[in-house]
Amino acid sequence: RERAADLGVSVADVASALRLAVGGEDRASRFRDVGLGEDYDVQIRLEPEDRSDPARIAELWVPASGGR
């Protein structure tokens, strides 16, 4: 918590990044393929082997509030 605070990252920022990376989000965004006229949901989640590896999770970058 102290290191995160020093970097301007809140506990909520860390929790949100972990929830997204480990738990995933069914629809983070939409992608439109103009050529096919199709829309696709964009899903974000670490690969299964990375989700269960604490060392990989520790490497995650967490942006500070405001995108810094």
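A word on the model before we start: it is predicted, local features need pLDDT of at least 70, side-chain atom pairs count only at pLDDT 80 or more, and totals for chains, interfaces and linings use all residues. Residues are numbered from 1 along each chain as its sequence is written, and side-chain values use heavy atoms, with hydrogens and water left out.

Let's begin with helix α2, residues 11-23. Helices here are DSSP runs of H or I with at least four residues, numbered from the N terminus. With 13 residues, α2 spans 17 Å from first C-alpha to last, close to the 18 Å expected; that expectation is 1.5 Å times one less than the number of residues.

Which residues of α2 are buried? They are Asp13, Ala17 and Ala21, where buried means under 20% relative accessible area, exposed means over 50%, and partly exposed lies in between, with a 1.4 Å probe and protein chains only. Looking down the axis of α2, the buried residues fall within an arc of 55 degrees, so they line one face of the helix; the arc is taken over directions from the helix axis to the C-beta atoms. As a reminder, an α-helix has 3.6 residues a turn, so residues three or four places apart point the same way.

Turned away from that buried side, α2 carries exposed Val11, Ala12 and Arg19. The cover over its buried residues includes α3, residues 48-51. Just after α2 comes Gly24, with a positive phi of about 85 degrees.

Staying with α3, look at Asp50, which sits in that helix. Asp50 counts as buried, at 16% relative accessibility. Leaving out residues up to four places away in sequence, Asp50 touches Arg56 and Ile57, contact being heavy atoms within 4.5 Å.

Is Asp6 buried or exposed? Asp6, in helix α1 (residues 2-6), is exposed, with a relative accessible area of 63%. Its C-alpha is 31 Å from that of Gln43, 37 residues apart along the chain.

Last, the lining of the largest pocket. Lining residues have an atom within 4 Å of a pocket point, on a 1 Å grid over the protein atoms alone. Of the 15 lining residues, Val9, Val14, Leu60, Trp61 and Val62 are the closest to the pocket's centre. The largest share of the lining, three residues, comes from α2, while α1, α2 and α4 (54-58) each supply at least two.

Conventions:
On a 1 Å grid over the protein atoms alone, a cavity is a set of points where a 1.4 Å probe fits but cannot get out, and a pocket is an open set with protein on both sides within 12 Å along at least five of seven lines; lining residues have an atom within 4 Å of a point.
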